[in-house]
Amino acid sequence: MGPSYLVHAVGADGRLRVMAADASAVVREAARRHGTWPTATAALGRLLTATAFLAADAKHGSVTVRLAGEGPLRGAVAVGEADGRLRGYVGEPHVDLPLNGAGKLDVGGAVGRRGFLYVTYQPESGRAYTGSVPLVTGEVGDDLTEFFRRSAQRPAVVGVGVLVGPDAEVRAAGGLLVELLPSAVDELAETVEANLGAIGSISRLIEAGARPEELAGEALKGCDWRLEGGRLPLAFRCACSREKVEATLVALGPEELRRLEGDGRAEVRCHFCNAVYTFTRDELRRLAALAGGPAGRRGS
Ligand SMILES: [Zn+2]
(Lines give C-alpha, C1' and ligand atoms only; values in the text may rest on other atoms or scores of the structure.)
Protein backbone atom coordinates (compact mmCIF):
# COMPACT_ATOMS: atom_id res chain seq x y z
CA MET A 1 0.00 0.00 0.00
CA GLY A 2 1.55 3.27 -1.15
CA PRO A 3 1.14 6.73 0.30
CA SER A 4 -2.29 8.30 -0.05
CA TYR A 5 -2.50 11.28 -2.36
CA LEU A 6 -4.73 13.16 -4.77
CA VAL A 7 -4.05 14.54 -8.23
CA HIS A 8 -5.80 17.04 -10.48
CA ALA A 9 -6.09 16.65 -14.24
CA VAL A 10 -7.77 18.57 -17.03
CA GLY A 11 -8.98 17.25 -20.36
CA ALA A 12 -10.69 18.31 -23.57
CA ASP A 13 -9.21 21.82 -23.54
CA GLY A 14 -10.09 22.34 -19.90
CA ARG A 15 -13.72 21.37 -20.31
CA LEU A 16 -13.27 18.29 -18.12
CA ARG A 17 -11.69 18.51 -14.71
CA VAL A 18 -10.75 15.43 -12.77
CA MET A 19 -9.58 14.68 -9.27
CA ALA A 20 -8.33 11.18 -8.54
CA ALA A 21 -7.25 9.86 -5.18
CA ASP A 22 -5.76 6.82 -3.55
CA ALA A 23 -6.94 7.04 0.05
CA SER A 24 -6.07 3.48 1.10
CA ALA A 25 -3.65 4.39 3.89
CA VAL A 26 -5.98 7.09 5.23
CA VAL A 27 -8.95 4.75 5.37
CA ARG A 28 -6.93 1.94 6.89
CA GLU A 29 -5.80 4.31 9.64
CA ALA A 30 -9.37 5.54 10.21
CA ALA A 31 -10.64 1.95 10.50
CA ARG A 32 -7.84 1.05 12.91
CA ARG A 33 -8.49 4.03 15.16
CA HIS A 34 -12.24 3.57 15.30
CA GLY A 35 -12.37 -0.22 15.22
CA THR A 36 -14.96 -0.13 12.45
CA TRP A 37 -16.60 -3.27 11.06
CA PRO A 38 -16.62 -3.74 7.27
CA THR A 39 -19.78 -1.85 6.25
CA ALA A 40 -18.92 1.01 8.60
CA THR A 41 -15.34 0.99 7.27
CA ALA A 42 -16.64 1.37 3.73
CA ALA A 43 -19.01 4.18 4.68
CA LEU A 44 -16.34 6.10 6.59
CA GLY A 45 -13.75 5.50 3.87
CA ARG A 46 -16.01 6.69 1.09
CA LEU A 47 -16.91 9.76 3.12
CA LEU A 48 -13.25 10.56 3.86
CA THR A 49 -12.35 10.23 0.18
CA ALA A 50 -15.25 12.42 -0.93
CA THR A 51 -14.29 14.97 1.72
CA ALA A 52 -10.72 15.01 0.41
CA PHE A 53 -12.12 16.04 -2.99
CA LEU A 54 -14.26 18.82 -1.57
CA ALA A 55 -11.44 20.15 0.60
CA ALA A 56 -8.95 20.10 -2.27
CA ASP A 57 -11.55 21.80 -4.45
CA ALA A 58 -12.06 24.53 -1.84
CA LYS A 59 -8.30 25.25 -2.02
CA HIS A 60 -8.14 26.80 1.46
CA GLY A 61 -9.77 26.43 4.85
CA SER A 62 -11.65 23.27 5.74
CA VAL A 63 -14.75 21.37 4.67
CA THR A 64 -17.00 19.32 6.95
CA VAL A 65 -19.22 16.70 5.36
CA ARG A 66 -21.95 15.11 7.41
CA LEU A 67 -24.15 12.16 6.48
CA ALA A 68 -27.35 12.23 8.52
CA GLY A 69 -29.30 9.10 7.59
CA GLU A 70 -31.65 6.91 9.53
CA GLY A 71 -29.62 3.72 9.10
CA PRO A 72 -27.75 1.74 11.79
CA LEU A 73 -24.54 3.73 11.18
CA ARG A 74 -26.21 6.62 13.05
CA GLY A 75 -24.56 9.21 10.87
CA ALA A 76 -20.99 10.02 9.90
CA VAL A 77 -18.84 13.13 9.87
CA ALA A 78 -15.59 13.91 8.09
CA VAL A 79 -13.46 17.04 8.04
CA GLY A 80 -10.93 17.77 5.35
CA GLU A 81 -8.33 20.52 5.30
CA ALA A 82 -7.26 21.95 1.97
CA ASP A 83 -3.71 20.74 2.72
CA GLY A 84 -4.86 17.09 2.68
CA ARG A 85 -5.38 16.39 6.38
CA LEU A 86 -8.50 14.32 7.04
CA ARG A 87 -10.35 13.12 10.09
CA GLY A 88 -13.75 11.59 10.67
CA TYR A 89 -15.97 9.16 12.54
CA VAL A 90 -19.21 7.26 12.33
CA GLY A 91 -21.97 7.19 14.95
CA GLU A 92 -21.81 3.40 15.31
CA PRO A 93 -18.57 1.73 14.23
CA HIS A 94 -19.86 -1.84 14.69
CA VAL A 95 -21.98 -2.11 11.56
CA ASP A 96 -21.55 -5.09 9.27
CA LEU A 97 -24.54 -5.76 7.01
CA PRO A 98 -25.00 -8.55 4.46
CA LEU A 99 -23.68 -7.63 0.99
CA ASN A 100 -26.21 -5.85 -1.21
CA GLY A 101 -27.75 -7.18 -4.42
CA ALA A 102 -24.68 -6.11 -6.40
CA GLY A 103 -22.43 -8.12 -4.08
CA LYS A 104 -20.97 -4.95 -2.54
CA LEU A 105 -20.76 -3.64 0.99
CA ASP A 106 -24.19 -2.19 1.73
CA VAL A 107 -23.15 1.38 2.55
CA GLY A 108 -26.58 2.73 1.55
CA GLY A 109 -28.23 0.34 3.98
CA ALA A 110 -25.84 1.35 6.75
CA VAL A 111 -26.20 5.10 6.17
CA GLY A 112 -29.92 4.88 5.41
CA ARG A 113 -31.55 6.02 2.21
CA ARG A 114 -33.55 8.75 3.90
CA GLY A 115 -31.78 11.72 5.35
CA PHE A 116 -29.50 14.55 4.34
CA LEU A 117 -25.97 15.29 3.30
CA TYR A 118 -24.57 18.52 4.75
CA VAL A 119 -21.46 20.24 3.49
CA THR A 120 -19.99 23.10 5.52
CA TYR A 121 -17.24 25.27 4.09
CA GLN A 122 -15.07 27.08 6.59
CA PRO A 123 -12.83 29.56 4.78
CA GLU A 124 -9.56 30.60 6.42
CA SER A 125 -11.20 33.88 7.30
CA GLY A 126 -14.85 34.79 7.23
CA ARG A 127 -18.04 32.96 7.96
CA ALA A 128 -18.76 29.31 7.41
CA TYR A 129 -21.59 28.37 5.10
CA THR A 130 -23.50 25.12 4.73
CA GLY A 131 -25.29 23.50 1.82
CA SER A 132 -27.40 20.36 1.98
CA VAL A 133 -29.22 17.88 -0.23
CA PRO A 134 -31.51 14.96 0.57
CA LEU A 135 -29.70 11.63 0.35
CA VAL A 136 -30.17 9.87 -2.98
CA THR A 137 -28.99 6.36 -2.15
CA GLY A 138 -26.82 6.83 0.95
CA GLU A 139 -23.95 5.27 -1.05
CA VAL A 140 -21.98 8.56 -0.69
CA GLY A 141 -20.82 8.90 -4.32
CA ASP A 142 -24.38 9.36 -5.61
CA ASP A 143 -25.13 11.77 -2.81
CA LEU A 144 -22.06 13.89 -3.52
CA THR A 145 -22.95 13.91 -7.23
CA GLU A 146 -26.37 15.22 -6.27
CA PHE A 147 -24.78 17.82 -4.02
CA PHE A 148 -22.70 19.14 -6.90
CA ARG A 149 -25.70 19.24 -9.19
CA ARG A 150 -28.19 20.86 -6.86
CA SER A 151 -26.25 22.88 -4.38
CA ALA A 152 -23.12 23.86 -6.26
CA GLN A 153 -24.86 23.73 -9.68
CA ARG A 154 -21.83 22.06 -11.15
CA PRO A 155 -22.38 18.90 -13.17
CA ALA A 156 -19.94 16.35 -11.76
CA VAL A 157 -19.77 12.64 -11.19
CA VAL A 158 -18.27 11.37 -7.96
CA GLY A 159 -17.19 7.75 -7.57
CA VAL A 160 -15.70 6.55 -4.28
CA GLY A 161 -14.94 3.01 -3.19
CA VAL A 162 -13.43 0.98 -0.38
CA LEU A 163 -12.36 -2.63 -0.75
CA VAL A 164 -12.41 -4.57 2.51
CA GLY A 165 -10.77 -7.99 2.61
CA PRO A 166 -12.18 -11.13 4.21
CA ASP A 167 -10.03 -10.35 7.26
CA ALA A 168 -11.89 -7.00 7.58
CA GLU A 169 -8.69 -5.14 6.61
CA VAL A 170 -8.82 -2.25 4.17
CA ARG A 171 -7.28 -3.49 0.92
CA ALA A 172 -7.77 -0.33 -1.11
CA ALA A 173 -9.75 2.90 -1.09
CA GLY A 174 -10.02 5.87 -3.38
CA GLY A 175 -12.12 7.71 -5.85
CA LEU A 176 -12.64 9.91 -8.85
CA LEU A 177 -14.42 13.19 -9.33
CA VAL A 178 -15.11 14.22 -12.89
CA GLU A 179 -16.51 17.68 -13.44
CA LEU A 180 -17.96 18.72 -16.76
CA LEU A 181 -17.85 22.43 -17.44
CA PRO A 182 -21.11 23.67 -18.97
CA SER A 183 -19.71 23.73 -22.51
CA ALA A 184 -18.77 20.06 -22.16
CA VAL A 185 -21.96 18.61 -20.79
CA ASP A 186 -23.73 17.56 -23.99
CA GLU A 187 -20.74 16.59 -26.00
CA LEU A 188 -18.59 14.79 -23.46
CA ALA A 189 -21.07 13.34 -20.99
CA GLU A 190 -21.27 10.09 -22.95
CA THR A 191 -17.51 9.73 -23.17
CA VAL A 192 -17.15 10.26 -19.43
CA GLU A 193 -19.97 7.87 -18.68
CA ALA A 194 -18.44 5.20 -20.91
CA ASN A 195 -15.01 5.69 -19.31
CA LEU A 196 -16.38 5.42 -15.79
CA GLY A 197 -18.38 2.37 -16.81
CA ALA A 198 -15.23 0.75 -18.15
CA ILE A 199 -13.36 1.49 -14.92
CA GLY A 200 -15.98 -0.35 -12.90
CA SER A 201 -14.65 -0.68 -9.38
CA ILE A 202 -12.15 2.07 -8.51
CA SER A 203 -11.00 0.30 -5.36
CA ARG A 204 -10.23 -2.90 -7.30
CA LEU A 205 -8.14 -0.91 -9.77
CA ILE A 206 -6.21 0.62 -6.89
CA GLU A 207 -5.74 -2.79 -5.32
CA ALA A 208 -4.33 -3.97 -8.64
CA GLY A 209 -1.74 -1.20 -8.44
CA ALA A 210 -3.28 1.72 -10.33
CA ARG A 211 -2.03 5.09 -9.11
CA PRO A 212 -4.23 8.23 -9.07
CA GLU A 213 -2.50 9.49 -12.23
CA GLU A 214 -3.62 6.34 -14.04
CA LEU A 215 -7.16 6.61 -12.66
CA ALA A 216 -7.33 10.15 -14.04
CA GLY A 217 -6.11 8.85 -17.38
CA GLU A 218 -8.80 6.17 -17.46
CA ALA A 219 -11.50 8.74 -16.68
CA LEU A 220 -10.22 11.00 -19.47
CA LYS A 221 -9.60 8.28 -22.03
CA GLY A 222 -10.23 9.48 -25.57
CA CYS A 223 -9.54 13.13 -24.68
CA ASP A 224 -6.37 15.19 -24.69
CA TRP A 225 -5.50 15.51 -21.06
CA ARG A 226 -2.74 16.49 -18.69
CA LEU A 227 -2.02 16.54 -14.99
CA GLU A 228 -2.28 19.92 -13.32
CA GLY A 229 -0.23 20.77 -10.24
CA GLY A 230 1.51 18.23 -8.07
CA ARG A 231 0.42 15.46 -5.80
CA LEU A 232 -1.54 16.47 -2.72
CA PRO A 233 -0.58 14.08 0.09
CA LEU A 234 -3.57 12.82 2.09
CA ALA A 235 -3.25 11.80 5.74
CA PHE A 236 -5.54 10.90 8.61
CA ARG A 237 -4.52 13.57 11.08
CA CYS A 238 -6.69 14.95 13.82
CA ALA A 239 -6.68 18.52 15.06
CA CYS A 240 -7.04 17.52 18.72
CA SER A 241 -4.31 17.98 21.32
CA ARG A 242 -3.92 17.75 25.05
CA GLU A 243 -3.77 21.54 25.22
CA LYS A 244 -7.14 21.88 23.44
CA VAL A 245 -8.74 19.26 25.70
CA GLU A 246 -7.38 21.09 28.76
CA ALA A 247 -8.89 24.34 27.50
CA THR A 248 -12.24 22.59 27.07
CA LEU A 249 -12.04 21.22 30.60
CA VAL A 250 -11.15 24.62 32.04
CA ALA A 251 -14.17 26.04 30.23
CA LEU A 252 -16.38 23.59 32.15
CA GLY A 253 -15.74 25.73 35.23
CA PRO A 254 -14.48 24.98 38.74
CA GLU A 255 -17.65 23.25 39.95
CA GLU A 256 -17.64 20.61 37.23
CA LEU A 257 -13.88 20.11 37.56
CA ARG A 258 -14.27 19.60 41.30
CA ARG A 259 -16.85 16.91 40.58
CA LEU A 260 -14.46 15.18 38.14
CA GLU A 261 -11.68 15.49 40.70
CA GLY A 262 -13.94 13.67 43.14
CA ASP A 263 -14.13 10.78 40.67
CA GLY A 264 -10.34 10.48 40.97
CA ARG A 265 -9.59 10.88 37.26
CA ALA A 266 -11.19 11.95 34.01
CA GLU A 267 -11.04 10.52 30.50
CA VAL A 268 -11.84 12.61 27.46
CA ARG A 269 -12.20 10.86 24.13
CA CYS A 270 -11.87 12.69 20.81
CA HIS A 271 -14.79 11.77 18.52
CA PHE A 272 -12.76 12.35 15.41
CA CYS A 273 -9.75 10.15 16.06
CA ASN A 274 -10.73 8.15 19.17
CA ALA A 275 -7.66 9.38 21.07
CA VAL A 276 -8.16 9.22 24.84
CA TYR A 277 -6.78 11.94 27.10
CA THR A 278 -6.52 10.95 30.74
CA PHE A 279 -6.33 13.43 33.60
CA THR A 280 -5.27 12.48 37.11
CA ARG A 281 -6.69 14.03 40.27
CA ASP A 282 -3.69 16.33 40.58
CA GLU A 283 -4.05 17.53 37.01
CA LEU A 284 -7.77 18.17 37.49
CA ARG A 285 -6.95 20.16 40.61
CA ARG A 286 -4.50 22.27 38.63
CA LEU A 287 -7.12 22.86 35.91
CA ALA A 288 -9.72 23.78 38.53
CA ALA A 289 -7.30 26.37 39.88
CA LEU A 290 -6.90 27.73 36.33
CA ALA A 291 -10.69 27.84 36.04
CA GLY A 292 -10.68 30.16 39.01
CA GLY A 293 -12.20 27.90 41.62
CA PRO A 294 -11.15 27.00 45.16
CA ALA A 295 -11.00 23.29 44.29
CA GLY A 296 -7.21 23.31 44.40
CA ARG A 297 -7.20 23.85 48.15
CA ARG A 298 -9.58 21.04 48.95
CA GLY A 299 -8.10 18.48 51.28
CA SER A 300 -4.84 20.35 51.82
ZN1 LIG B 1 -8.69 13.78 17.72
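**Exercise 1.** Which residues in α4 are buried?

*Solution.* The model is predicted: local features need pLDDT of at least 70, side-chain atom pairs count only at pLDDT 80 or more, and totals for chains, interfaces and linings use all residues. Residues are numbered from 1 along each chain as its sequence is written. A residue is buried if 20 or more other C-beta atoms, placed from the backbone, lie within 10 Å of its own. In α4, Gly 141, Asp 143, Leu 144, Thr 145, Phe 147 and Phe 148 are buried. Their cover includes α2, β6, β7 and β8 (156–164).

**Exercise 2.** State the strand order of the open sheet of 6 strands, and identify the edges.

*Solution.* Helices (H or I, at least four residues) and strands (E, at least two) are DSSP runs, numbered from the N terminus. Two strands pair if DSSP finds at least two bridges between them. The order is β7-β6-β3-β4-β5-β11, with mixed pairing. At the edges stand β7 (129–134) and β11 (235–236), each with a single partner strand, so one side of each lacks a neighbour in the sheet. Strand β5 (residues 85–90) pairs with β11 in the parallel sense over 2 bridges. Arg 85 has Ala 235 in β11 as its bridge partner.

**Exercise 3.** Describe how helices α9 and α10 are arranged.

*Solution.* Axes are lines fitted to C-alpha atoms, for helices over the stretch in contact, and angles run from 0 to 180 degrees between N-to-C directions. The axes of α9 (residues 254–262) and α10 (residues 281–290) come within 9 Å and cross at roughly 170°. The two helices are therefore roughly antiparallel (angles over 145 degrees).

How values were computed:
Buried ≥ 20, exposed ≤ 12 C-beta atoms within 10 Å, placed from the backbone. Contact = placed C-beta atoms within 7 Å. Parallel < 35°, antiparallel > 145°, perpendicular 65-115°, else oblique.
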